[in-house]
Amino acid sequence: MNQNKQKMNNLLKRILIVALSNSWIAFPLGKIHAQVSLMAGGNCSNIRDHIPIQGKSAILGYNLGASFQYFPFKGSQNLSLIHELNFVKKGYQQDLDKNYFYRFNYLTFSILGDYAIAKPVSLQGGLEFGGITTTNIKYWRKTYNEFDIGLVAGANVKIAKRLSLYGRLTYGLLPMLDYYDIDEMGNFNKEIHDVKNITYTIGLKFNISNEKNKTHR
Amino acid sequence: MKKIRLIVNALSLAGIVVFLTACSGIVIQDPIEPRLPKYTEDGNNAAGAFVDGEVWRSVVKVEFLGSHYDPYVRAWPGKDSLLVIFSGSMAERDYTVAFRLKGYKVSVLDDLLALDGKKIELDGVVNAGYWMPGYSLPMGTGKGVGQIYFKKVKKMGSPGLLILSGTFGFRLPKPDGGSISVSSGRFDYRISEVENAELYSDAGGLQEH
(Lines give C-alpha, C1' and ligand atoms only; values in the text may rest on other atoms or scores of the structure.)
Protein backbone atom coordinates (compact mmCIF):
# COMPACT_ATOMS: atom_id res chain seq x y z
CA MET A 1 0.00 0.00 0.00
CA ASN A 2 2.88 2.40 0.86
CA GLN A 3 4.63 1.70 -2.45
CA ASN A 4 1.45 2.50 -4.38
CA LYS A 5 1.06 5.67 -2.35
CA GLN A 6 4.64 6.68 -3.20
CA LYS A 7 4.05 6.00 -6.91
CA MET A 8 0.82 8.00 -6.87
CA ASN A 9 2.51 10.91 -5.11
CA ASN A 10 5.34 10.94 -7.66
CA LEU A 11 2.85 10.87 -10.53
CA LEU A 12 0.83 13.72 -9.06
CA LYS A 13 3.99 15.74 -8.43
CA ARG A 14 4.84 15.35 -12.13
CA ILE A 15 1.32 16.37 -13.18
CA LEU A 16 1.53 19.44 -10.96
CA ILE A 17 4.93 20.43 -12.37
CA VAL A 18 3.73 19.91 -15.95
CA ALA A 19 0.55 21.90 -15.28
CA LEU A 20 2.50 24.74 -13.71
CA SER A 21 5.09 24.88 -16.47
CA ASN A 22 2.61 24.56 -19.36
CA SER A 23 0.29 27.14 -17.92
CA TRP A 24 2.78 29.93 -18.54
CA ILE A 25 3.44 28.94 -22.16
CA ALA A 26 0.59 31.23 -23.23
CA PHE A 27 2.60 34.31 -22.28
CA PRO A 28 4.99 34.62 -25.15
CA LEU A 29 2.25 34.22 -27.78
CA GLY A 30 2.23 37.86 -28.82
CA LYS A 31 0.57 40.69 -26.96
CA ILE A 32 -1.79 39.36 -24.38
CA HIS A 33 -4.60 41.10 -22.50
CA ALA A 34 -4.33 40.17 -18.89
CA GLN A 35 -5.68 40.94 -15.45
CA VAL A 36 -3.95 40.24 -12.17
CA SER A 37 -6.13 40.03 -9.06
CA LEU A 38 -5.82 39.27 -5.40
CA MET A 39 -8.51 37.06 -3.98
CA ALA A 40 -9.77 36.11 -0.54
CA GLY A 41 -12.80 34.27 0.68
CA GLY A 42 -14.41 31.87 3.06
CA ASN A 43 -15.21 28.28 2.43
CA CYS A 44 -17.26 25.47 3.84
CA SER A 45 -15.56 22.13 3.40
CA ASN A 46 -16.45 18.55 4.08
CA ILE A 47 -15.66 15.09 2.73
CA ARG A 48 -17.43 12.46 0.68
CA ASP A 49 -17.00 8.91 1.88
CA HIS A 50 -18.28 5.39 1.41
CA ILE A 51 -16.78 3.77 4.55
CA PRO A 52 -18.72 5.56 6.33
CA ILE A 53 -17.08 8.04 8.71
CA GLN A 54 -19.35 8.45 11.72
CA GLY A 55 -20.47 11.89 12.86
CA LYS A 56 -18.72 13.85 10.14
CA SER A 57 -19.74 17.42 9.48
CA ALA A 58 -18.46 20.46 7.61
CA ILE A 59 -16.02 23.03 8.91
CA LEU A 60 -15.37 26.60 7.88
CA GLY A 61 -12.09 27.70 6.37
CA TYR A 62 -10.70 30.37 4.12
CA ASN A 63 -8.73 30.87 0.97
CA LEU A 64 -6.19 33.51 0.00
CA GLY A 65 -4.38 33.92 -3.26
CA ALA A 66 -3.78 35.56 -6.56
CA SER A 67 -5.26 35.10 -9.97
CA PHE A 68 -4.01 35.80 -13.44
CA GLN A 69 -6.67 36.07 -16.14
CA TYR A 70 -5.86 36.46 -19.81
CA PHE A 71 -7.72 36.53 -23.09
CA PRO A 72 -5.82 34.33 -25.51
CA PHE A 73 -8.50 34.17 -28.21
CA LYS A 74 -8.57 37.29 -30.38
CA GLY A 75 -11.96 36.44 -31.87
CA SER A 76 -13.72 35.96 -28.56
CA GLN A 77 -13.41 38.51 -25.81
CA ASN A 78 -15.95 36.56 -23.75
CA LEU A 79 -13.65 33.64 -23.31
CA SER A 80 -10.61 33.80 -21.06
CA LEU A 81 -8.31 31.55 -19.07
CA ILE A 82 -7.52 31.97 -15.41
CA HIS A 83 -4.58 30.66 -13.45
CA GLU A 84 -4.85 30.87 -9.70
CA LEU A 85 -2.45 30.19 -6.89
CA ASN A 86 -4.24 29.85 -3.57
CA PHE A 87 -3.73 28.86 0.01
CA VAL A 88 -6.90 26.97 0.97
CA LYS A 89 -7.97 25.61 4.35
CA LYS A 90 -10.07 22.46 3.87
CA GLY A 91 -11.12 19.61 6.11
CA TYR A 92 -13.99 18.30 8.22
CA GLN A 93 -14.88 17.39 11.78
CA GLN A 94 -16.08 14.24 13.48
CA ASP A 95 -18.45 14.51 16.44
CA LEU A 96 -17.93 11.48 18.67
CA ASP A 97 -17.17 11.66 22.42
CA LYS A 98 -15.82 15.11 21.52
CA ASN A 99 -15.17 17.03 18.31
CA TYR A 100 -12.21 15.80 16.29
CA PHE A 101 -11.06 18.38 13.75
CA TYR A 102 -9.23 17.47 10.58
CA ARG A 103 -7.76 20.60 9.01
CA PHE A 104 -5.72 20.40 5.85
CA ASN A 105 -3.98 23.46 4.47
CA TYR A 106 -3.53 23.12 0.73
CA LEU A 107 -1.46 25.11 -1.70
CA THR A 108 -3.49 24.93 -4.88
CA PHE A 109 -2.97 25.83 -8.49
CA SER A 110 -6.05 26.11 -10.69
CA ILE A 111 -6.52 26.31 -14.41
CA LEU A 112 -9.98 27.62 -15.20
CA GLY A 113 -11.90 28.61 -18.27
CA ASP A 114 -14.05 31.72 -17.90
CA TYR A 115 -16.98 32.48 -20.18
CA ALA A 116 -18.82 35.81 -19.82
CA ILE A 117 -22.51 35.07 -20.29
CA ALA A 118 -23.64 38.62 -19.60
CA LYS A 119 -21.76 41.84 -18.93
CA PRO A 120 -21.14 41.39 -15.18
CA VAL A 121 -21.51 37.61 -14.95
CA SER A 122 -19.22 34.84 -16.09
CA LEU A 123 -19.21 31.10 -15.58
CA GLN A 124 -16.02 29.30 -14.67
CA GLY A 125 -14.88 25.71 -14.75
CA GLY A 126 -11.65 23.79 -14.68
CA LEU A 127 -9.19 21.85 -12.58
CA GLU A 128 -7.51 22.47 -9.26
CA PHE A 129 -4.22 20.79 -8.37
CA GLY A 130 -3.45 20.87 -4.68
CA GLY A 131 -0.87 19.67 -2.20
CA ILE A 132 -1.15 19.58 1.59
CA THR A 133 1.37 21.94 3.17
CA THR A 134 0.39 21.65 6.83
CA THR A 135 -2.34 20.08 8.95
CA ASN A 136 -3.31 19.76 12.61
CA ILE A 137 -2.89 15.98 12.45
CA LYS A 138 0.29 14.43 13.84
CA TYR A 139 2.14 12.09 11.48
CA TRP A 140 -0.40 12.93 8.74
CA ARG A 141 1.93 11.73 5.99
CA LYS A 142 1.55 8.18 7.32
CA THR A 143 -2.22 8.38 6.79
CA TYR A 144 -3.29 10.94 4.21
CA ASN A 145 -2.35 11.39 0.57
CA GLU A 146 -0.47 14.59 -0.06
CA PHE A 147 -1.96 15.53 -3.42
CA ASP A 148 -5.43 16.15 -4.71
CA ILE A 149 -7.00 17.08 -8.01
CA GLY A 150 -10.42 18.69 -8.02
CA LEU A 151 -13.04 19.69 -10.55
CA VAL A 152 -14.00 23.32 -10.18
CA ALA A 153 -17.29 24.92 -11.23
CA GLY A 154 -18.47 28.38 -10.32
CA ALA A 155 -19.44 31.88 -11.28
CA ASN A 156 -17.98 35.35 -11.05
CA VAL A 157 -20.00 38.57 -10.77
CA LYS A 158 -18.41 41.97 -11.23
CA ILE A 159 -19.78 44.22 -8.49
CA ALA A 160 -17.54 47.27 -8.93
CA LYS A 161 -14.89 48.51 -11.34
CA ARG A 162 -12.12 46.50 -9.75
CA LEU A 163 -14.07 44.20 -7.49
CA SER A 164 -15.89 40.99 -8.23
CA LEU A 165 -17.64 38.33 -6.21
CA TYR A 166 -16.94 34.68 -6.91
CA GLY A 167 -18.53 31.47 -5.78
CA ARG A 168 -17.47 27.96 -6.63
CA LEU A 169 -17.62 24.31 -5.83
CA THR A 170 -14.45 22.21 -5.80
CA TYR A 171 -15.08 18.51 -6.08
CA GLY A 172 -12.05 16.46 -5.05
CA LEU A 173 -11.36 13.53 -7.36
CA LEU A 174 -8.58 11.69 -5.55
CA PRO A 175 -8.96 9.70 -2.33
CA MET A 176 -7.21 11.25 0.64
CA LEU A 177 -7.02 7.94 2.43
CA ASP A 178 -5.64 4.50 1.59
CA TYR A 179 -6.46 2.24 4.49
CA TYR A 180 -8.33 -0.91 5.52
CA ASP A 181 -11.89 -1.65 6.44
CA ILE A 182 -11.39 -3.48 9.76
CA ASP A 183 -14.38 -4.96 11.54
CA GLU A 184 -14.93 -5.21 15.31
CA MET A 185 -13.35 -8.67 15.49
CA GLY A 186 -10.26 -7.46 13.64
CA ASN A 187 -10.95 -8.92 10.20
CA PHE A 188 -9.57 -6.94 7.29
CA ASN A 189 -12.55 -6.87 4.98
CA LYS A 190 -10.99 -4.88 2.14
CA GLU A 191 -8.55 -2.14 1.25
CA ILE A 192 -10.25 1.21 1.03
CA HIS A 193 -9.35 4.20 -1.09
CA ASP A 194 -11.80 6.72 0.18
CA VAL A 195 -12.49 10.21 1.63
CA LYS A 196 -12.61 12.93 -1.00
CA ASN A 197 -12.71 16.67 -0.48
CA ILE A 198 -15.69 18.83 -1.31
CA THR A 199 -15.43 22.58 -0.83
CA TYR A 200 -17.86 25.46 -1.33
CA THR A 201 -16.14 28.82 -1.63
CA ILE A 202 -17.36 32.38 -1.77
CA GLY A 203 -15.02 35.34 -1.95
CA LEU A 204 -13.96 38.66 -3.37
CA LYS A 205 -11.46 39.28 -6.11
CA PHE A 206 -9.70 42.63 -6.31
CA ASN A 207 -8.22 43.56 -9.63
CA ILE A 208 -4.79 45.12 -9.13
CA SER A 209 -3.71 45.38 -12.75
CA ASN A 210 -6.02 45.46 -15.72
CA GLU A 211 -4.16 45.32 -19.00
CA LYS A 212 -7.39 44.63 -20.89
CA ASN A 213 -9.01 47.87 -19.82
CA LYS A 214 -5.87 49.86 -20.53
CA THR A 215 -5.53 48.58 -24.10
CA HIS A 216 -9.19 49.09 -24.85
CA ARG A 217 -9.18 52.70 -23.71
CA MET B 1 39.47 20.16 28.53
CA LYS B 2 36.48 21.33 30.57
CA LYS B 3 34.74 22.46 27.41
CA ILE B 4 35.23 19.09 25.75
CA ARG B 5 33.82 17.32 28.81
CA LEU B 6 30.83 19.67 28.77
CA ILE B 7 30.20 18.95 25.09
CA VAL B 8 30.53 15.19 25.66
CA ASN B 9 28.07 15.37 28.58
CA ALA B 10 25.60 17.43 26.54
CA LEU B 11 25.86 15.00 23.63
CA SER B 12 25.36 12.02 25.96
CA LEU B 13 22.29 13.65 27.47
CA ALA B 14 20.92 14.42 24.00
CA GLY B 15 21.60 10.81 23.02
CA ILE B 16 19.70 9.50 26.04
CA VAL B 17 16.74 11.80 25.29
CA VAL B 18 16.72 10.68 21.63
CA PHE B 19 16.92 7.01 22.72
CA LEU B 20 14.05 7.36 25.20
CA THR B 21 11.93 9.22 22.67
CA ALA B 22 12.64 6.58 20.03
CA CYS B 23 11.53 3.75 22.32
CA SER B 24 8.35 5.45 23.50
CA GLY B 25 5.12 4.76 21.68
CA ILE B 26 3.81 6.78 18.78
CA VAL B 27 0.08 7.17 18.44
CA ILE B 28 -1.06 7.70 14.89
CA GLN B 29 -4.73 8.57 15.09
CA ASP B 30 -7.02 6.22 13.21
CA PRO B 31 -8.60 8.18 10.35
CA ILE B 32 -11.97 6.45 10.69
CA GLU B 33 -12.14 5.92 14.46
CA PRO B 34 -9.98 8.70 15.97
CA ARG B 35 -10.31 7.37 19.53
CA LEU B 36 -8.09 4.43 18.60
CA PRO B 37 -4.57 4.28 17.17
CA LYS B 38 -4.41 3.51 13.47
CA TYR B 39 -3.49 -0.04 12.48
CA THR B 40 0.19 0.10 11.52
CA GLU B 41 3.07 -2.33 11.00
CA ASP B 42 5.94 -0.05 11.96
CA GLY B 43 6.59 -1.05 15.58
CA ASN B 44 4.94 2.11 16.95
CA ASN B 45 4.61 0.57 20.42
CA ALA B 46 0.92 1.36 20.69
CA ALA B 47 -2.36 -0.51 20.89
CA GLY B 48 -6.01 0.22 21.48
CA ALA B 49 -9.48 -1.29 21.67
CA PHE B 50 -13.01 -0.59 22.75
CA VAL B 51 -14.03 -2.32 25.97
CA ASP B 52 -17.78 -2.14 26.34
CA GLY B 53 -17.68 1.08 24.34
CA GLU B 54 -14.92 2.69 26.42
CA VAL B 55 -11.45 3.27 25.01
CA TRP B 56 -8.53 1.19 26.27
CA ARG B 57 -5.17 2.46 25.03
CA SER B 58 -1.64 1.24 25.41
CA VAL B 59 1.25 3.51 24.56
CA VAL B 60 4.71 2.45 25.74
CA LYS B 61 6.23 5.21 27.80
CA VAL B 62 9.99 5.08 28.37
CA GLU B 63 11.39 7.28 31.12
CA PHE B 64 14.70 7.59 32.96
CA LEU B 65 13.54 5.39 35.82
CA GLY B 66 11.82 2.73 33.77
CA SER B 67 9.06 2.16 31.31
CA HIS B 68 5.30 1.71 31.39
CA TYR B 69 2.89 -0.33 29.31
CA ASP B 70 5.52 -2.54 27.67
CA PRO B 71 4.18 -5.60 25.89
CA TYR B 72 5.35 -9.01 27.11
CA VAL B 73 5.67 -12.38 25.49
CA ARG B 74 6.05 -15.35 27.83
CA ALA B 75 6.55 -18.82 26.46
CA TRP B 76 6.80 -22.27 27.95
CA PRO B 77 7.64 -24.52 24.99
CA GLY B 78 7.51 -27.64 27.18
CA LYS B 79 3.91 -26.90 28.08
CA ASP B 80 3.22 -25.60 24.56
CA SER B 81 1.99 -22.38 26.08
CA LEU B 82 2.45 -18.85 24.78
CA LEU B 83 1.23 -15.81 26.64
CA VAL B 84 1.02 -12.44 24.87
CA ILE B 85 0.38 -9.53 27.23
CA PHE B 86 -0.51 -5.93 26.35
CA SER B 87 -0.90 -3.47 29.20
CA GLY B 88 -2.55 -0.09 28.96
CA SER B 89 -5.13 2.11 30.60
CA MET B 90 -8.79 2.98 30.43
CA ALA B 91 -10.45 5.86 32.28
CA GLU B 92 -7.15 6.50 34.14
CA ARG B 93 -6.94 2.93 35.48
CA ASP B 94 -4.51 0.29 34.29
CA TYR B 95 -5.87 -2.75 32.50
CA THR B 96 -4.25 -5.65 30.70
CA VAL B 97 -5.30 -7.49 27.58
CA ALA B 98 -3.72 -10.93 27.26
CA PHE B 99 -3.89 -14.00 25.06
CA ARG B 100 -2.99 -17.58 25.94
CA LEU B 101 -2.19 -19.57 22.81
CA LYS B 102 -1.25 -23.18 22.15
CA GLY B 103 0.35 -24.84 19.16
CA TYR B 104 3.31 -22.46 18.81
CA LYS B 105 6.31 -23.88 20.60
CA VAL B 106 8.25 -20.67 21.09
CA SER B 107 11.69 -21.23 22.54
CA VAL B 108 13.54 -18.36 20.85
CA LEU B 109 12.13 -15.00 19.79
CA ASP B 110 12.35 -15.79 16.07
CA ASP B 111 9.86 -18.64 16.63
CA LEU B 112 7.23 -15.90 16.86
CA LEU B 113 7.71 -15.38 13.12
CA ALA B 114 5.53 -18.47 12.68
CA LEU B 115 2.61 -16.31 13.81
CA ASP B 116 2.95 -14.06 10.75
CA GLY B 117 -0.38 -13.86 8.94
CA LYS B 118 -2.07 -16.24 11.40
CA LYS B 119 -5.66 -15.61 12.40
CA ILE B 120 -6.15 -17.57 15.61
CA GLU B 121 -9.58 -18.43 16.88
CA LEU B 122 -9.97 -17.89 20.60
CA ASP B 123 -12.31 -20.68 21.64
CA GLY B 124 -12.03 -20.00 25.36
CA VAL B 125 -10.64 -23.51 25.95
CA VAL B 126 -7.35 -24.07 24.06
CA ASN B 127 -6.79 -20.44 23.08
CA ALA B 128 -8.32 -17.59 25.04
CA GLY B 129 -8.37 -13.83 25.42
CA TYR B 130 -8.27 -12.12 28.83
CA TRP B 131 -9.17 -8.69 30.17
CA MET B 132 -7.86 -7.87 33.62
CA PRO B 133 -7.44 -4.84 35.87
CA GLY B 134 -3.87 -3.79 36.65
CA TYR B 135 -0.93 -5.87 35.52
CA SER B 136 -2.17 -9.20 36.77
CA LEU B 137 -1.55 -12.44 34.91
CA PRO B 138 -4.50 -14.29 33.42
CA MET B 139 -5.28 -16.73 36.21
CA GLY B 140 -8.78 -17.61 37.20
CA THR B 141 -10.34 -14.83 35.17
CA GLY B 142 -12.97 -15.28 32.46
CA LYS B 143 -11.71 -16.73 29.20
CA GLY B 144 -12.57 -14.69 26.13
CA VAL B 145 -13.94 -16.11 22.89
CA GLY B 146 -13.14 -14.37 19.62
CA GLN B 147 -9.96 -14.01 17.60
CA ILE B 148 -6.49 -12.54 17.42
CA TYR B 149 -4.97 -11.86 14.02
CA PHE B 150 -1.18 -11.51 13.80
CA LYS B 151 -1.31 -9.73 10.45
CA LYS B 152 2.38 -8.95 10.31
CA VAL B 153 5.23 -10.39 12.36
CA LYS B 154 8.60 -9.39 10.99
CA LYS B 155 12.20 -8.90 12.00
CA MET B 156 13.50 -5.43 12.65
CA GLY B 157 16.95 -4.37 11.57
CA SER B 158 18.82 -5.45 14.69
CA PRO B 159 18.88 -9.07 15.90
CA GLY B 160 16.60 -10.10 18.76
CA LEU B 161 14.00 -7.53 17.75
CA LEU B 162 10.63 -8.18 16.11
CA ILE B 163 7.60 -6.17 15.11
CA LEU B 164 4.32 -7.72 16.19
CA SER B 165 1.27 -6.16 14.53
CA GLY B 166 -2.33 -7.24 14.35
CA THR B 167 -5.89 -6.98 15.52
CA PHE B 168 -8.15 -8.65 18.05
CA GLY B 169 -11.69 -8.86 19.28
CA PHE B 170 -13.28 -11.13 21.87
CA ARG B 171 -16.06 -11.42 24.40
CA LEU B 172 -15.60 -12.87 27.89
CA PRO B 173 -17.97 -13.67 30.73
CA LYS B 174 -18.18 -11.42 33.78
CA PRO B 175 -17.92 -13.17 37.17
CA ASP B 176 -21.27 -11.69 38.20
CA GLY B 177 -23.04 -12.57 34.94
CA GLY B 178 -23.22 -10.78 31.62
CA SER B 179 -20.21 -10.33 29.41
CA ILE B 180 -17.46 -7.88 28.48
CA SER B 181 -16.90 -7.02 24.84
CA VAL B 182 -13.36 -6.19 23.69
CA SER B 183 -13.66 -4.96 20.11
CA SER B 184 -11.78 -3.19 17.29
CA GLY B 185 -8.48 -4.08 18.97
CA ARG B 186 -5.23 -3.33 17.17
CA PHE B 187 -1.58 -3.51 18.22
CA ASP B 188 1.80 -2.60 16.77
CA TYR B 189 4.71 -3.36 19.10
CA ARG B 190 8.43 -3.80 19.00
CA ILE B 191 9.35 -6.97 20.88
CA SER B 192 12.90 -7.19 22.14
CA GLU B 193 14.21 -10.58 23.24
CA VAL B 194 15.91 -8.88 26.20
CA GLU B 195 13.25 -6.37 27.24
CA ASN B 196 9.92 -7.91 26.32
CA ALA B 197 10.29 -11.66 26.19
CA GLU B 198 10.48 -14.31 28.88
CA LEU B 199 11.19 -17.61 27.21
CA TYR B 200 11.29 -20.51 29.63
CA SER B 201 13.12 -23.73 28.97
CA ASP B 202 11.36 -27.09 29.01
CA ALA B 203 12.70 -27.59 32.52
CA GLY B 204 10.85 -24.50 33.66
CA GLY B 205 13.75 -22.04 34.02
CA LEU B 206 14.31 -18.95 31.91
CA GLN B 207 16.22 -19.46 28.64
CA GLU B 208 19.55 -17.67 28.48
CA HIS B 209 19.57 -14.97 25.80
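Analyst: A definition comes before the residue classes: Ala, Val, Leu, Ile, Met, Phe, Trp, Tyr, Cys and Pro count as nonpolar, Asp, Glu, Lys and Arg as charged, and the others, Gly among them, as polar. The model is predicted.

User: By class, how many residues in the lining of the largest cavity are polar?

Analyst: The lining of the largest cavity includes Asn43(A), Asn63(A), Asn86(A), Thr108(A) and Ser110(A). Glu84(A), Lys90(A), Glu128(A) and Arg168(A) also line this cavity, and the lining has four charged residues. One lining residue is nonpolar, and the number of polar residues is seven.

User: Which element gives the most to the lining of the largest cavity?

Analyst: The search of the whole structure finds three cavities of 30 Å³ or more, and about 100 Å³ of space lies in the largest. S4, S5 and strand S8 (163–172) of chain A are the elements that give two or more residues to its lining. With four residues, the element that gives the most is S4(A).

User: How much space lies in the second largest cavity, and which element gives the most to its lining?

Analyst: The space in the second largest cavity is about 60 Å³. Its lining takes at least two residues each from strand S1 (46–51) and strand S12 (179–192) of chain B. The element that gives the most, with three residues, is S12(B).

User: What area is buried between chain A and chain B?

Analyst: The contact takes 24 residues from chain A and 24 residues from chain B. Carbon and sulfur atoms give 59% of the buried area, which is about 2,100 Å².

User: Which three residues supply more of the area that chain A buries against chain B than any other three?

Analyst: The side of chain A that touches chain B divides into four polar, four charged and 16 nonpolar residues. A 27% share of the area that chain A buries against chain B comes from three residues, more than from any other three: Tyr179(A), Met185(A) and Phe188(A).

User: How many residue pairs are in polar contact between chain A and chain B, and how many salt bridges does the rule find?

Analyst: The polar contacts between chain A and chain B come to 11 residue pairs, both residues at pLDDT 80 or more. For salt bridges across this interface, the rule finds zero.

User: Which strand supplies the largest share of the side of chain A that touches chain B?

Analyst: Strand S4 (79–95), strand S5 (99–116), strand S9 (177–182) and strand S10 (188–194) of chain A each supply at least two residues of that side. The largest share, four residues, comes from S9(A).

User: Where is the cis peptide bond, and which residue has a positive phi although it is not a glycine?

Analyst: Ile51(A) and Pro52(A) are joined by a cis peptide bond, with omega about 0°. Pro52(A) is in the loop between strand S1 (33–48) and strand S2 (56–57) of chain A. In chain B, a residue in the loop between helix H1 (2–23) and S1 has a phi of about 55° although it is not a glycine: Asn45(B).

Methods. Residues are numbered from 1 along each chain as its sequence is written. Chains are lettered from A and ligands numbered from 1 in the order in which they are written. This is a predicted model: local features need pLDDT of at least 70, side-chain atom pairs count only at pLDDT 80 or more; totals for chains, interfaces and linings use all residues. Side-chain values use heavy atoms; hydrogens and water are left out. Contact means heavy atoms within 4.5 Å. Buried area is the accessible area (1.4 Å probe) that two parts lose on being put together, summed over both. A salt bridge is a side-chain nitrogen of Lys or Arg within 4 Å of a carboxyl oxygen of Asp or Glu. A polar contact is a pair of N or O atoms within 3.5 Å; within protein, one must be able to donate a hydrogen and the other to accept it, and residues adjacent in sequence count only if both atoms are side-chain atoms. On a 1 Å grid over the protein atoms alone, a cavity is a set of points where a 1.4 Å probe fits but cannot get out, and a pocket is an open set with protein on both sides within 12 Å along at least five of seven lines; lining residues have an atom within 4 Å of a point. Grid points are joined across faces, edges and corners, and a volume is the space filled by probe spheres set on the points.
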